[in-house]
Amino acid sequence: RDIPKILVHMSSSTGQFSSDATAVLERKVDSGTESRKSAEEVLCYYELTRCSEWIKQGRFKKVALQFPDHLLPDSARIVATLRQLNEQCKLYILGDTSYGSCCVDEVAADHVSADAIIHFGTACLTATKRFPVLYIFGREAIDLEDCVGAFKGAFPDQLSHIIIMCDVMYSRVIESLYEMLRKDYKKLAISHPAVPGCQRRSLMADENTSINGVKCGPSDCKESEAKRDQETYIPHDTSVNSIEQCKMGRHYTLSASIDDYSIFYIGCEGRALSNVIITYQKCQCYSYNPVTKSYRMESINVNKKLGRRYYLMQKAKAASTVGILVGTLSTAGYREIIDRLKALLKSAGKKYYLIAMGKLNVVKMANFMEVDVYVIVACPESSLVDSQEFYKPVVTPFEMELACTSQQWGIDYVTDYQELLPGGVSHNPLDDITKLDSDVPEFSLITGHMHSGKTAVESCVEGQLVKRSEKLQLAAYSPAAEFLQSRSWQGLEQQLGNTPVSEATQGRFGTASAYSHEEDN
């Protein structure tokens with residue numbers, strides 16, 4: 001009879017270790033951003049008029065709206081506004097993406113049988129395969145006068161080669177910034193977002209008005225939208241020796257090699273900036289943060305980062321079993337790069353698994369004990385995985401290609417796997433790079449031992465019949481089964497016939513809070 005009192009006393013005295021259920025239900029969760037209060041601001045920031053016209057022109061009946069987590073507080077108001085503008089169209093919110101939020105989630109859109117996708121927020125701009133996509137980066141506020149002052153402070157030499165790069169959220173102001181600087185800097189170039197299937201300059205429209213600090217441009221009116229569609233993109237540098245390139249989702253035209261340019265990057269610190277620094281490691285880079293209104297020279301130790309990537313590549317070279325992580329099902333060419341990786345791993349005598357798990361999960365990946373290293377097939381912004389939480393290292397397709405072939409680690413670093421495919425700037429035919437001498441041993445910097453070429457078992461593929469013993473027993477080859485046989489503990493021993501048979505008895509049943517054998521209190 002005193003038990004209830006004891007339980008109540010324990011729950012009240014252990015409040016520091018557990019919380020009341022009502023406190024969890026009433027707790028306010030900080031989403032990380034405040035929902036915009038003004039309807040005009042939401043209409044302008046997300047270019048909802050442009051979204052409505054795009055839906056009408058495509059005659060779409062079902063449209064999926066993809067949001068990153070920090071923009072979800074505005075999703076309900078966006079849907080309500082678009083429904084008023086397009087009453088015949090059904091709208092679906094894709095809140096939790098299957099892979100990275102920067103990639104278009106065609107998998108989730110296919111689940112609702114959508115006709116098209118509108119992607120909100122920052123994007124990696126990798127080419128998609130099945131759905132028409134409209135990118136809405138968001139019209140982030142930026143002080144152009146302060147940005148110009150930061151630019152002049154970073155580059156006092158007006159005769160130097162400089163290229164302006166930016167996060168896609170600030171791409172709308174890059175034309176205006178160029179016009180403000182071109183009189184003083186004669187060798188200035190800018191980059192534009194390489195939106196798949198679009199080479200219009202409509203994304204860089206001039207700004208005329210502003211609402212509560214958020215600038216609005218001609219993209220919010222129907223008349224100027226039609227005018228913009230007739231305006232094609234014209235490169236700023238029209239010299240005879242101009243070099244036109246498209247890399248990392250950015251299109252630019254230069255009068256010299258990119259290695260001769262300095263970079264002025266507009267955007268906050270993140271994966272996009274890190275990829276720019278590593279990809280253009282020869283270039284001096286300054287970054288301007290529009291939120292804090294500060295600029296700095298990126299003093300990141302590129303050699304240290306590349307040394308870490310070289311270490312992971314050496315780990316991949318010494319690995320015998322590789323897990324191919326499918327980190328995208330939407331970007332173009334993912335099937336081709338997977339087939340290329342399979343051919344490379346087979347030629348190098350490495351066993352492999354093909355694993356599709358969506359977003360990387362440390363716990364799930366730790367279950368594959370036989371895997372020595374993972375290679376991820378994803379967009380450039382999601383490929384550089386360098387977290388100490390993972391039990392095994394994760395490398396990029398570029399690093400795995402170096403590990404499986406006789407190619408040497410050079411100066412240029414590739415984060416976009418599409419550059420490794422036919423037509424890419426870093427493509428090498430498989431027949432030219434897979435001719436390795438398997439009889440020549442190689443010294444491993446990781447293990448400190450000499451490694452010979454592939455063996456007969458290593459050249460087998462999963463499911464192939466192999467010779468099991470001298471008695472001509474055949475068995476299906478499996479890397480997991482081979483790894484299990486090498487472990488000292490292989491699970492509970494059955495010991496058939498050595499243990500007595502006991503009669504089954506009735507166990508407990510019911511719920512955890514009230515089993516049937518417990519007394520009612």
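**Entry 1: Glu-399 and Arg-309**

I looked up the pair Glu-399 and Arg-309 and found a salt bridge, with the closest N and O atoms 2.7 Å apart. I take a salt bridge as a side-chain nitrogen of Lys or Arg within 4 Å of a carboxyl oxygen of Asp or Glu. Glu-399 belongs to helix α15 (residues 397-404) and Arg-309 to helix α11 (residues 302-318), so the pair ties together parts that are 90 residues apart in sequence. Helices (H or I, at least four residues) and strands (E, at least two) are DSSP runs, numbered from the N terminus. Glu-399 is buried, its relative accessible area being 0%, and Arg-309 is buried as well, at 4%. Buried means under 20% relative accessible area, exposed over 50%, and partly exposed in between (1.4 Å probe, protein chains only).

**Entry 2: Basis of the entries**

I note that this is a predicted model, in which local features need pLDDT of at least 70 and side-chain atom pairs count only at pLDDT 80 or more, while totals for chains, interfaces and linings use all residues. Residues are numbered from 1 along each chain as its sequence is written, and side-chain values use heavy atoms, with hydrogens and water left out.

**Entry 3: Further salt bridges**

I recorded eleven salt bridges in the structure. One of them joins Glu-269 to Arg-296, the closest N and O atoms being 3.4 Å apart. This pair links distant parts of the chain, 27 residues apart: Glu-269 sits in the loop between β11 and α10 (271-279), and Arg-296 in strand β13. Glu-269 is exposed at 65% relative accessibility, whereas Arg-296 is partly exposed at 41%.

I then examined Glu-47, which forms a salt bridge with Arg-50 at 3.3 Å between the closest N and O atoms. Glu-47 is buried at 8% relative accessibility, and Arg-50 is buried at 11%. Salt bridges that share partners join Glu-47, Arg-50 and Arg-139 into one network.

**Entry 4: The sheet**

In which order do the seven strands of the open sheet lie? I read the order as β9-β10-β6-β5-β11-β12-β13, with mixed pairing. Two strands pair if DSSP finds at least two bridges between them. The edge strands, β9 (243-247) and β13 (294-297), each pair on one side only. The twist averages 20 degrees from one strand to the next; axes are lines fitted to C-alpha atoms, for helices over the stretch in contact, and angles run from 0 to 180 degrees between N-to-C directions.

I also followed β11 (residues 262-266), which runs parallel to β12 (residues 285-289) and is joined to it by four bridges. Ile-263 has Cys-285 in β12 as its bridge partner.
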